Amino acid sequence: MSTQWKIETQAVQGAYSPKPGEPRVVTICQSTTFKYDSADYMAKLFDLEVPGHFYTRLGNPTSEAFEQKLAMMEGGVGALATSAGQAATTLSIFNICQAGQHFVTASTLYGGTYNLFASTLPKMGIEVTFVDPEASIDEILNAFRPNTRAIFAETIGNPGLNVLDFAKFSAIAKEKNVPLIIDSTFATPYLCRPFEHGANIVVHSATKYIDGHATSVGGAIVDGGNFDWEGGNYPELTEPDTSYHGLQYVKTFGPAAYIVKARVQLMRDLGMTPAPMNSFLFNQGLHTLPLRMQRHSDNALAVARFLESHPSVSWVKYPGLESHPSHDRALKYLPLGSSGVLTFGIKGGAAAGKIFMESCKLVALVVHVGDARSCVLHPASTTHRQLTEEQQNASGVTPDLIRLSVGIEHQDDIIADIDQALALSRK
Ligand SMILES: Cc1ncc(COP(=O)(O)O)c(C=O)c1O
């Protein structure tokens, strides 16, 4: 059975096995609708009594192949592909949190997620408390309220690169009987499978390593199927859904209740659907994800070691380095490697950083991470520029911080390019 395969095999062959005469490759099903002969059968589709596609906003064969493979690789019970990583994060919260309710999140987040939580969700009446993920259990427990619905964190914080203390966060989630939602974009299922460490829901920006070639924006939610919604206080999953003529998600779909609700209720209403073409490319990306993640991680470690001994560099942060505060956690939760992103402080601050980035020839100045090609960015003036200085500091962004997304080129060429650009930044 393919769920028993190693992740490298799942990545290539998982969740799609063509019957005789069918295409070897998952096809791009560029169709909004699907034809049926019987009105009764179509009614059953709408009632979710039989499997099948009827409208691409709710599901599509190409997206389904991607969803099923990703769910398999994460060890979850189901997945929902979305139009962007931001859509996945938004829906993961909306699915169990509404106006008048609250959730807790680690403060070390991607800037877009920080804005979503600090600015947009509060406008919709959803309150958020940011906690320092290194705070004590008691301090984090203090952030909870009677109406707290979830706790959220990133496996590897972007761009702080702190590795999450899964044992602490999952213990807190269990004590408060709320799901632990993890953004595992930087780790991908090859480097870390959060469900094995107590997470209940995983979100991804597929735009990054899953695509891997900088072609498509997209995301996904994966359901671990391991949260007891009936044991918690989640009437939206256990009571009849009046917008779906009384459907009871837990009763009807058991462990897949959360992900079915996200699709048939939220995707139905909000339509954050991926294009089939993009799902095709994400599915292709998954084929080589294990190979690429190993190479990204090995290259990033080599670059981090080089930078650590470089006179123009004041500090380097990479969880794979012994000097990183999260190194022990990286060994525990990311045993195969710490992914491709590292940050460093350039001597001469933001001004030297500008010269450095403009002097790189192979490493491109790009607002992106997770591409096969190496790229570089100054978060304080780009991805995190809408945040106040205080918010930037809470996210781990300082003015001298340069973020490198180390690609899968030969590490000697990447290091040579960085070396010549650092030399120019000193002049
Ligand atoms: C960790 C993380 N989560 C989520 C997102 C948002 O993803 P997208 O750009 O696909 O909406 C990003 C984007 O950079 C990210 O780095």
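Predicted model: local features only at pLDDT ≥ 70, side-chain atom pairs only at ≥ 80, totals over all residues.

Colleague: Which residues of H4 are buried?

Modeller: For this one, buried means 20 or more other C-beta atoms within 10 Å of the residue's own. In H4 the residues that pass are Gly85, Gln86, Ala87, Ala88, Thr89, Thr90, Leu91, Ser92 and Ile93.

Colleague: And the ligand: which elements give two or more residues to the shell around it?

Modeller: There are 15 residues around the ligand, and Ala84, Gly85, Tyr110, Ser205 and Thr207 come nearest. The elements that supply two or more residues to that shell are helix H4 (85–94) and helix H5 (111–123).

Colleague: How many residues of that shell are charged?

Modeller: Sort the shell by residue type and you get 4 nonpolar and 9 polar residues. The charged ones number 2.

Colleague: Do E5 and E6 run parallel or antiparallel?

Modeller: E5 (residues 180–183) and E6 (residues 201–205) are joined by 3 bridges. Ile182 stands opposite Val202 in E6. The sense of the pair is parallel.

Colleague: What about E12: which residue in it is the bridge partner of Val341?

Modeller: E12 (residues 401–405) is largely enclosed by the rest of the structure, because 5 of its 5 residues are buried. Leu401, Arg403 and Ser405 point one way, while Ile402 and Leu404 point the other. E9 (residues 341–346) pairs with E12 in the antiparallel sense over 5 bridges, and the partner of Val341 is Ser405.

Colleague: Last one, on H12 and H16: at what angle do they pack?

Modeller: H12 (residues 276–308) passes H16 (residues 411–425) in a right-handed crossing. Asn299, Ala302, Val303 and Phe306 of H12 make the contact with Gln411, Ile414, Ile415 and Ile418 of H16. Those contact residues split into 6 nonpolar, 2 polar and no charged. The axes are 10 Å apart, and the angle is about 35°.

Technical notes: Residues numbered from 1 in each chain as written. Near = placed C-beta within 6 Å. Helix = DSSP H or I, 4+ residues; strand = E, 2+ residues; numbered from the N terminus. Nonpolar A, V, L, I, M, F, W, Y, C, P; charged D, E, K, R; others polar. Buried ≥ 20, exposed ≤ 12 C-beta atoms within 10 Å, placed from the backbone. Axes fitted to C-alpha atoms, helices over the stretch in contact; angles between N-to-C directions. Left-handed = near helix turned anticlockwise from the far one by under 90°. Contact = placed C-beta atoms within 7 Å. Pairing = 2+ DSSP bridges.
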